[in-house]
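Follow the chain in the viewer while reading.

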Amino acid sequence: MTFLIIVIISLAVGGGIVFFLMEHQRRILDEQKREQEAEELRLQTVSRSLYAKEQTVNGERSRLDVAEAQFKSNFISFSELQTENSILKIDLRNLDVNIRKLRLDRDTLRDHQERLDEKIGELGRRYLKENTKWIGASLNSNNFSACEQRLLDVIDRCRGLGLEISDDEESELIGNLKFEFEKVVKAALAREEQARIKAQIRDEQLRDQEIERAQKQLDRERDVIAAALAQALAQAQNEYSVEVERLKAQLEAADSKQRAISQAQLTKSGHVYVISNIGSFGEGVFKVGMTRRLEPLDRVKELGDASVPFPFDVHMMIASDDAPSLENALHRQLHKQRVNKTNPKKEFFKAELTEIHDLVTEFHGVVEYVIDAEAIQFRQSLTMSDAEEEFIETVYAALEDDNQLDADEE
């Protein structure tokens, strides 16, 4: 029994020892398995790292192969360098020769250009001088602006050719042109003054002739009236007679005419006229002038001669005891409205007729005036038919032929 217990105890102890040993062995095996798995994982990691490094090495090897191939392709042997060096030396010598030749050509061209610039300068100066002289010769009292512009154009062309013209020189040229213009204007004014004096003398002569004719006619009328009055008085025998009174009135009118003629001879009396010519100068352009002729309309007819295509229309005819002063006063007030601003001697003004009438009223007094110009010939010319034009031309041609025949017969 004891033996059995001992056996059982032995079996139990043995079993425990075996179990303990087996458990320890199992734990060792599990530990080894885990270590093996870890090692396998590490080996896999190392394998992947080695594969990556292998790929890197392969890429680097490929790059090195390419670099090696490129290096080999760029490799130049010493003999090739010697050959290339010889070629470069030859090229450098040729280049040096070419540079020396180009420098020589440059110096030659520079000398040629300097001579050419000198000739251009001489020609430019001559061109400028000749044109300045020509512009000065063509200068007159009415074309200063055009001449100044021509001179500026010449200066610009000279500068375009390379001629140096300073601003001071340009100002000097313009100043010389202005100085020449002043001399031309003075000469023109002197000529115009001479022409005005001649015209005034001619006008005075015509006025004297008119006065002489009027005086003779007046003397004849006075003689006839005086004889008729004496005869009427003799027949009336100091009694009242209508015929005697009429003749006395005519005699007084003749005396008034005599006084008017005497007044015209001794004073500055005359007529200031305001006239227009729509067909020649357009609307709103008026000529303000003065005449001392006894018949002022004769002067207006003279102004409408062959120098203009149509006759003038009279808007105002102002009788004045001092016609020159009235004319000058009107001209001064209308100065800025002159049509020809380059020649103040011209008597044409761009103004309203009412404005001129107001000035006349201010300086002279109230006068009658005609607002609308008839411009008969001008308006007829605008509306004339071809048939009417041909008829008028035929009539004039026939009259000219008749006059030519009469002249031939004489």
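Glu302 is partly exposed, with 32% of relative accessible area. The model is a predicted one, and the values here are computed from it. The side chain of Glu302 forms a salt bridge with that of Arg299, at 3.4 Å from N to O. Both residues belong to helix H7 (residues 296-303), and because they are three residues apart, about one helical turn separates them. Arg299 is also partly exposed, at 28% relative accessible area.

Salt bridges with shared partners also tie Arg106, Asp107 and Arg110 into one network. Asp107 is partly exposed at 25% relative accessible area, and Arg110 is partly exposed at 43%.

Helix H2 (residues 78-138) also holds Lys101 and Asp105, which are four residues apart, again about one turn of the helix. Their side chains form a salt bridge of 3.1 Å, N to O. Lys101 has a relative accessibility of 49% and counts as partly exposed; Asp105, at 29%, is partly exposed too. With a cut-off of 4 Å between a side-chain nitrogen of Lys or Arg and a carboxyl oxygen of Asp or Glu, the count comes to 13 salt bridges.

Next comes helix H3 (residues 144-160). Its 17 residues reach 24 Å from the first C-alpha to the last, close to the 24 Å expected at 1.5 Å a residue. The buried residues of H3 are Phe144, Cys147, Leu151, Val154, Ile155 and Cys158. Why do they lie on the same side of H3? They cover an arc of only 100° around the axis, and this places them on one side of the helix. Ser145 and Gly160 are on the other side of H3, and they are exposed. Just after the helix, Gly162 has a positive phi of about 105°.

Strand E2 (residues 285-291) has seven residues, six of which are buried, so E2 is largely enclosed by the rest of the structure. Which strands does E2 pair with? One is strand E1 (residues 270-276), which runs antiparallel to E2 and is joined to it by six bridges. Another is strand E4 (residues 348-350), also antiparallel to E2, with three bridges between them. Phe286 of E2 can be followed into both pairings: Ser276 stands opposite Phe286, and Phe286 stands opposite Phe349 in E4. In a regular strand, side chains alternate between the two faces of the sheet.

The last stop is a loop. Between helix H9 (353-363) and helix H10 (376-383) lies Ala375. Its phi is near 45°, a positive value in a residue other than glycine. Is Ala375 buried or exposed? Ala375 has a relative accessible area of 8% and is therefore buried, since buried means under 20%.

Notes. Residues are numbered from 1 along each chain as its sequence is written. This is a predicted model: local features need pLDDT of at least 70, side-chain atom pairs count only at pLDDT 80 or more; totals for chains, interfaces and linings use all residues. Side-chain values use heavy atoms; hydrogens and water are left out. Helices (H or I, at least four residues) and strands (E, at least two) are DSSP runs, numbered from the N terminus. The expected span of a helix is 1.5 Å times one less than its number of residues. Buried means under 20% relative accessible area, exposed over 50%, partly exposed in between (1.4 Å probe, protein chains only). The arc is that of the directions from the helix axis to the C-beta atoms. Two strands pair if DSSP finds at least two bridges between them.
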